[in-house]
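Hi there,

Here is the structure I promised to send over. Have a look at it first, and then read on for what turned up when I went through it.

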Amino acid sequence: MTNIYVLAPSSGGKTSTGKLVAQALKRPFVNHDDLFESRHGSIWDYGKTHGWAALAPLMAEIIRETHAKDGQVIAPFASAFAFEEADQAIIQENIQICKHNGIFILLLPSRFDWRAIRILCQRASYRSNYVLNPKSVEK
């Protein structure tokens, strides 16, 4: 059975939507952020301490591990497929692993670019560890 990957930028609704999809399809739900944090602590703190590029191999390990099981609904890392600081070979491997046995659902809070950006920034501003400031995004 194919895995379903729910993709979105940070604060885009991966967890909420993923849980609903998993419940409706009676499949297990896997959140990569939760797996990472259970093993290594806060993603934010890890990136600040060890450098953002150091996250990529650990994220890839979790992607390979969860991909080995079929029939899941997965909320992958927001940066698993597009992460500038990471080794691009790792990013390409992540993409190929998920494409091999998965379908992707892309979530955006609006079909209008600027509106989507503003909504995402507003949601992100409620997180104490997030970098974007919604006031910095002007149309």
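The buried residues of helix α4 are Leu 55, Ala 56, Leu 58, Met 59, Ala 60, Ile 62, Ile 63, Thr 66 and His 67. One thing to keep in mind from the start is that this is a predicted model. Among what covers those buried residues of α4 are strands β1 (3-7), β2 (29-31) and β3 (73-75), and the cover also includes helices α2, α3 and α5. As for its length, α4 has 13 residues and spans 18 Å from its first C-alpha to its last, close to the 18 Å expected at 1.5 Å a residue.

How many salt bridges does a search of the whole structure find? The search comes up with 2. In one of them, the side chains of Glu 65 and Arg 39 meet, with 2.5 Å from N to O. Glu 65 sits in α4 (residues 55-67) and Arg 39 in α2 (residues 32-40), so this pair ties together parts that are 26 residues apart in sequence. Glu 65 is partly exposed, at a relative accessible area of 35%, and Arg 39 is also partly exposed, at 36%.

Another salt bridge joins Glu 93 to Arg 64, with the closest N and O atoms 3.2 Å apart. This pair, too, links distant parts of the chain: Glu 93 belongs to helix α5 (residues 88-100) and Arg 64 to α4, 29 residues apart. Glu 93 counts as partly exposed at 32% relative accessibility, and Arg 64 counts as partly exposed at 39%.

Now for the aromatic rings. The whole structure holds 4 aromatic pairs. Phe 36 and Tyr 46 form an edge-to-face pair, 5.6 Å centre to centre and with 90° between the planes. Phe 36 is in α2 and Tyr 46 in helix α3 (residues 43-50), so far as the sequence goes 10 residues apart, and the pair links distant parts of the chain.

The rings of Trp 44 and Trp 52 make a tilted pair, because their centres are 5.4 Å apart and their planes lie at 55°. Here the residues are partly exposed: Trp 44 has 23% relative accessibility and Trp 52 has 29%. Going back to Phe 36 and Tyr 46, ring pairs link them with Phe 77 into a cluster.

Both ends of α2 have a detail to look at. At its start, a side-chain oxygen of Asn 31 reaches to within 2.8 Å of the backbone nitrogen of Asp 33. After α2 comes Gly 41, which has a positive phi, near 85°.

Lys 26 has a positive phi as well, near 55°, and this residue is not a glycine. In general, most residues other than glycine have a negative phi. You will find Lys 26 in the loop between α1 (14-25) and β2, where Lys 26 counts as exposed at 75% relative accessibility.

Over in strand β4 (residues 102-106) is Phe 104. Phe 104 counts as partly exposed, at 35% relative accessibility.

Finally, the overall picture. The chain has 6 helices and 4 strands, and along the sequence they follow the pattern β-α-β-α-α-α-β-α-β-α. Of its 139 residues, 40% count as buried. Among contacts between residues at least 6 apart in sequence, 65% join residues at least 24 apart. The chain exposes about 8300 Å², and carbon and sulfur atoms supply 53% of that area.

If you open the model, you could begin with Arg 64 and Glu 93 in their salt bridge, then turn to the cluster of Phe 36, Tyr 46 and Phe 77.

Best wishes

Terms used
Residues numbered from 1 in each chain as written. Predicted model: local features only at pLDDT ≥ 70, side-chain atom pairs only at ≥ 80, totals over all residues. Heavy atoms only, no water. Salt bridge = Lys/Arg side-chain N within 4 Å of Asp/Glu carboxyl O. Helix = DSSP H or I, 4+ residues; strand = E, 2+ residues; numbered from the N terminus. Buried < 20%, exposed > 50% of the residue type's maximum accessible area, 1.4 Å probe, protein only. Phe/Tyr/Trp six-rings, centres within 6.5 Å; stacked < 30°, edge-to-face > 60°. Polar contact = N/O pair within 3.5 Å; in protein donor to acceptor, adjacent residues only side chain to side chain. Expected span 1.5 Å × (residues − 1). Contact = heavy atoms within 4.5 Å. Areas by Shrake-Rupley, 256 points an atom, 1.4 Å probe, with all protein chains shown as cover.
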